[in-house]
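Here is a short briefing on a single model. Please look over the sequence and structure first, then read the points below.

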Amino acid sequence: MKNKGLLAVRYGLLAAALLCIAVGLMRREYVGVLQKAVMICLECIGIG
């Protein structure tokens with residue numbers, strides 16, 4: 001019984017994570033993240 005509850009929680013968290021990823025992709029939030037990552041990398045090597 002305990003194992004089934006744990007399995008249900010795991011699948012629930014997996015479903016929630018996939019839903020959050022899908023919403024982020026639909027809102028194109030990855031574009032802002034990539035732009036910030038490029039700026040950080042350029043600053044680290046002294047170009048930006």
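This is a predicted model. The salt-bridge count comes to one.

**Salt bridge**
- E29 pairs with R27 in a salt bridge. Their closest N and O atoms lie 3.2 Å apart, and the cut-off for such a pair is 4 Å.
- Side chains of opposite charge can pair when their charged atoms come close.
- R27 has a relative accessible area of 59%, so R27 is exposed. The cut-off for exposed is over 50%.
- E29 has a relative accessible area of 39%, so E29 is partly exposed.

**Nonpolar surface patch**
- Eight names make up the list: L7, Y11, L14, L18, I21, L25, Y30 and L34 form a nonpolar surface patch of about 820 Å².
- Two helices, α1 (2–26) and α2 (29–44), each give the patch at least two residues.
- α1 provides the largest share, with six residues.
- Y11, one of the patch residues, sits in helix α1. Y11 counts as exposed because its relative accessibility is 53%.

**Helix α2 and what follows**
- α2 has 16 residues. At 1.5 Å a residue, α2 should span 22 Å. The expected span uses one less than the number of residues.
- Just after α2, G46 adopts a positive phi of about 90°.

Terms used. Residues numbered from 1 in each chain as written. Predicted model: local features only at pLDDT ≥ 70, side-chain atom pairs only at ≥ 80, totals over all residues. Heavy atoms only, no water. Patch = residues over 30% accessible without salt bridge, like charges linked within 9 Å, V, L, I, M, F, W, Y side chains within 5 Å. Areas by Shrake-Rupley, 256 points an atom, 1.4 Å probe, with all protein chains shown as cover. Salt bridge = Lys/Arg side-chain N within 4 Å of Asp/Glu carboxyl O. Helix = DSSP H or I, 4+ residues; strand = E, 2+ residues; numbered from the N terminus. Buried < 20%, exposed > 50% of the residue type's maximum accessible area, 1.4 Å probe, protein only.
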